[in-house]
Amino acid sequence: MLTRPADYGNIYYENSEDKIRCGAAPDREGNPMLKLENISFDVTEDAATKGIVKDISLDIGDKSFMVITGPNGGGKSTLAKLIAGIEKPTGGRILLDGVDITGMDITQRAKAGIGYAFQQPVRFKGLTVKDLITLAAGRALSTEDACHYLSEVGLCAIEYIDREVNGSLSGGELKRIEIASVIARGARISVFDEPEAGIDLWSFHNLIRVFEHMRKTTAGTVIIISHQERILETADKIVVLAGGRITGMGSREEILPGLLGGADTCRFYKGERT
Amino acid sequence: MMNKVQQDMLYEIAGIRAAPAGAYNIRMNGGSIGCGGNENVSINLKAGGMDIVVKPGTKGEVVHIPVVISSTGLVETVYNDFYIGEDADITIIAGCGIHNPGDAQSQHDGVHSFHLERGARVRYVEKHTGAGDGNGKRVLNPVTVCDMGPGSYMEMDTEQIRGVDSTKRVTKGVIGQGATLVVKEKLMTHGVQYAETVFEVDLDGADSSANVMSRSVAKGDSRQVFLSRISGNAKCMGHSECDAIIMDNASVQAIPEITANHVDAALIHEAAIGKIAGEQIVKLRTLGLSEEEAEAQIINGFLK
């Protein structure tokens, strides 16, 4: 029997045997822009099938700033990859503006307006920061234009613009360049997979500022996978994912106190239900 | 007069369409079609090659000595000797382009010997390319020998990106006290091409150093062999690095050899061969590039 936790406000669950459907009410602009319908992703290990993402349905409205959180192994990063087309769902559909994009590959989804920032930024021998930002923008950029995107992520552009995107850059620098490449795309939907992963504390404070700034200035929808309270605080909506299922969703005010609370919350965070 | 094919080839390898400013010799189909020196650099043609003499203290001169072959069946060996005077600092743009229109093999074997006096500095740029519709092979076998005096410095930038069916590139250096040799090689092979690179460097002088860096891409059914042999015979620093991207059915062999004959010789060899990392392709695809476009960008960057 599933009960609605009283403290978590405007979350609703629809229990149908093994399935849970979670959804926000359609936003003010009308139809949700990105719609996940019964998305599943299974992997086969040692001849046994294991569900990583289990029948998730989620509506993401236009211009929303959503953070997806939950314990490690809960399926968050896989969900981000499913949205970007890096992984293909084993079940369900993904709709963008009502159009089924499930069969689209990575390139097609990028062209359809989906951006994706890697949890672990990819390194390239030879490609410079400017090359990467230029490819992301999809047009010839002046040094000044490219510098603009770097200053958005708090990098002193002139020091970085001609450097190679390789191991000579620190984890925090690579991360910010990765984020700059996604900002440069100006995509309608930008997905950031654990932007805080692998960066030091000093860089982390800068990173928070980047997302606070993005929240104020972005014209698109932002989806961030994160464990960090400070990043959760920037969200309009928070989705909790555990055990491959959505275990909670609502506004920041509704979800955040519960995530930071006591033992009951812990069960909620882990997806345990009474 | 050069025809358009010859002009284009000249431009591709040396960035010039006609006689450049400064000293030069343009060799076309086996003979010089234009040659000129100046007060600092003299170019003396001789049977089977030329001597280039740079006066001590010369600064900022750029010397062009490109070679173009546009006929089929031309096979030549050319000997060029460079004498770089004390404290001179110059750039030499060499390179060879073969446009083979027929079915016979065309081949240029250039043997370049450099003698650098004390404190001399040379940047040597060598670009090799091939084109043409015929079935005749385009073969380039450059040999570069560097005899480096005390405190001298030589940087060699070599590039072969396309169109050369077979090449054996040999670079030898004897490095004197406090002298430095830097070699940067960029190589791409495709089809059934074969490319062999041999570096042999003797670090003979105290505080001498050598840094050899090779980046290559092997596509199709092509084969590459990279041999780097560095001997440290004094207190010295030697570093060689071979980094190759392998694609399709290609084959790449890297053979490092470092020998220390002195207790203060510090020698390092790094070699890596692998295909393009899948995550690099994925990253560029998330920026809207197709798989083919992503691959091209990664290779362009790698060989930049």
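Let's begin in chain A of this predicted model, where helix α3 (residues 129-137) and helix α4 (residues 143-152) have axes that come within 10 Å and cross at roughly 90°. The two helices, α3(A) and α4(A), are therefore roughly perpendicular to each other.

Now step across to the partner chain. Here 19 residues of chain A are in contact with 18 residues of chain B. On the chain B side, the elements that give two or more residues are α2 (278-286) and α3 (291-302). Of these, α2(B) supplies the largest share, seven residues. The class make-up of the side of chain B that touches chain A is seven nonpolar, six polar and five charged residues.

Which of its residues are buried? They are B:Q280, B:I281, B:K283, B:L284, B:R285 and B:T286. Their cover includes elements from both chains: α1 (76-84), α2 (106-112), β8 (114-117) and α3 of chain A, together with α3 of chain B. Just past the end of α2(B) you will come to B:G288, which takes a positive phi of about 100°.

Next, let's visit a single residue elsewhere in chain B. B:Q224 is found in strand β19 (residues 223-232). Is B:Q224 buried or exposed? It counts as buried, because B:Q224 has 26 C-beta neighbours inside 10 Å, and the cut-off for a buried residue is 20 or more. Leaving aside residues up to four places away in sequence, B:Q224 touches B:L187, B:T189, B:A195, B:S216, B:A218, B:A244 and B:V252.

Finally, zoom out to chain B as a whole. This chain has three helices and 22 strands. Its radius of gyration is 20 Å, close to the 19 Å that the globule rule gives for 304 residues, so chain B is as compact as a globular protein of that length. Along the principal axes, the C-alpha trace of chain B spans about 55 × 55 × 35 Å. Buried residues make up 45% of the 304 residues in the chain. Among contacts in chain B with a separation of 6 or more, 80% are between residues 24 or more positions apart.

How values were computed
Residues numbered from 1 in each chain as written. Chains lettered and ligands numbered in written order. Predicted model: local features only at pLDDT ≥ 70, side-chain atom pairs only at ≥ 80, totals over all residues. Axes fitted to C-alpha atoms, helices over the stretch in contact; angles between N-to-C directions. Helix = DSSP H or I, 4+ residues; strand = E, 2+ residues; numbered from the N terminus. Parallel < 35°, antiparallel > 145°, perpendicular 65-115°, else oblique. Contact = placed C-beta atoms within 7 Å. Nonpolar A, V, L, I, M, F, W, Y, C, P; charged D, E, K, R; others polar. Buried ≥ 20, exposed ≤ 12 C-beta atoms within 10 Å, placed from the backbone. Rg over C-alpha atoms; globule rule 2.2 N^0.38 Å.
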